[in-house]
Amino acid sequence: MPARLAEHAQALARNTFWVLGASLLTRAITDLGTALGAAAALALGAWRVAHGEMSVAALLIVLMAGTEIFRPLRDLRTVLHQGMLGQSAAAGIFSLLEARPSLPPSGGLPVRGLTPSVEFSDVRFAYPGGRGAAHEGLSFRVAAGERVGIVGPSGAGKSSIVRLLLREYDPQAGRLLFGGKDLRTLDAEALRASIAVVAQDAVLFEGTVAENLCLGRPEASRAEIEAAARAANAHEFILALPDAYETRIGERGARLSGGQRQRLAIARALLLDAPILILDEALSSVDAENEAVIQQALERLMENRTTLILAHRLSSVISADRILVLAAGRIVEEGTHAALMREDGLYRRLMGGQAEEGDVLDHPARAAALETASAEAAGAESAGAGQPRPLDEDAA
């Protein structure tokens, strides 16, 4: 790794110095040409004045006009620099336009009518060019309508689950099932339309609020758009904008706060009305003031949907029906928050500090779950005081 980093750093340094050298060379050439031209004009004019062929007044006019004669040469230097920037930008644009998806956009079995359940069956996956496997024998199932939290340390493979479900990549071994059907046999476009993702960074585009909300459903009516915004707790702040739903929000939603952008992403997911929902660190970039409002909107979004909650925060997963603990590409623990907190495992090490600090929203389900976990853990400790710890079932 250090050798590769040094190689890339040296390549960057070479390219940077080449660009600087070319810029200095063009500047030197234009400045030299301007200086030589002005000197030649002055010498010629002085000679003609000395021989009576030109008046001094005419020489002054020539010298003053001479600076404008060389202006195109100076402008050419600027155009050359802009042309180099444009050429670099055009290369990226053309590579994007010429890119072809690794999967066909359509074709395969229809998704409509399938039960919205998800299953990973002994999945092994490694990124192209990666050193190690992101998943090694990953197996779990999410039933229709179930809320499942997935937690784990950074690099455990949580985000790879999302990419595999969206078929940005296919696993090297094992199977991914949607409604009992292998993902590779389903229509990829219809599959992605059946999955709504609310990510850590909401993807917004230059345009109006309404255009961003109906990105997944261009045919949505204004009444449907406003209903989704109300459910996402976004309607009030949208009306406070200069042009309400017709306000242009800037590139990547630059004119909105982080909490506002996240509520727009939730409203867009509500409008899409997909049967499967993925929350990928949806609360990690919002402050405490916005967290309660956004969590309330997420609760509405998760109703009657199969939900995968990928998070580092206890407040996001505490009320999940089941929590999966991921480490090194495998499921190492599984259970409810209360059950996992009773065990001295990875989940307790990850979330124990947050539970002690009270990093849980004032939500009945979350508060009840935390109280139950604390009471059961205290009861287990008091009941087991002075007694040997029982063996695990496998060990027994």
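Predicted model: local features only at pLDDT ≥ 70, side-chain atom pairs only at ≥ 80, totals over all residues.
**Entry 1: Tyr 169**

I then checked the ring of Tyr 169 against the ring of Tyr 127. The centres are 5.3 Å apart and the planes stand at 90°, so I noted the pair as edge-to-face. This pair links distant parts of the chain: Tyr 127 sits in the loop between E1 and strand E2 (135–142), Tyr 169 in the loop between H4 and E4, and 42 residues separate them.

**Entry 2: the aromatic pairs**

How many aromatic pairs are there by this rule? I counted four aromatic pairs. One of them joins Phe 125 and Tyr 169, with 5.6 Å from centre to centre and 45° between the planes, and I recorded it as tilted. Phe 125 belongs to strand E1 (residues 118–125), while Tyr 169 is in the loop between helix H4 (158–165) and strand E4 (173–178), so this pair ties together parts 44 residues apart in sequence.

Is Phe 125 buried or exposed? Its relative accessibility is 1%, so I wrote down buried. Phe 125, Tyr 127 and Tyr 169 together make one aromatic cluster.

**Entry 3: the cores**

Next I looked inside. In soluble globular proteins, nonpolar side chains tend to be buried together.

The largest nonpolar core in this model holds 51 residues. I listed the residues with the most contacts inside this core: Ile 238, Tyr 245, Ile 266, Leu 301 and Tyr 347. Which helix gives the most to this core? I found helix H9 (residues 258–272), with seven residues.

Apart from neighbours within four places in sequence, Ile 266 is in contact with Val 198, Ala 232, Ile 294, Ala 297, Leu 298 and Leu 301.

I also noted a second, separate core of 29 residues, which includes Phe 125, Val 148, Ile 195 and Leu 308.

**Entry 4: the surface**

Last, I turned to the outside. Val 56, Leu 60, Ile 61 and Met 64 make a nonpolar surface patch of about 430 Å². I located Met 64 in helix H2 (residues 56–69). Why does Met 64 count as exposed? Its relative accessibility is 59%, and exposed means over 50%.

How values were computed:
Residues numbered from 1 in each chain as written. Heavy atoms only, no water. Patch = residues over 30% accessible without salt bridge, like charges linked within 9 Å, V, L, I, M, F, W, Y side chains within 5 Å. Areas by Shrake-Rupley, 256 points an atom, 1.4 Å probe, with all protein chains shown as cover. Salt bridge = Lys/Arg side-chain N within 4 Å of Asp/Glu carboxyl O. Helix = DSSP H or I, 4+ residues; strand = E, 2+ residues; numbered from the N terminus. Buried < 20%, exposed > 50% of the residue type's maximum accessible area, 1.4 Å probe, protein only. Phe/Tyr/Trp six-rings, centres within 6.5 Å; stacked < 30°, edge-to-face > 60°. Core = buried A, V, L, I, M, F, W, Y, C linked by side-chain atoms within 4.5 Å. Contact = heavy atoms within 4.5 Å.
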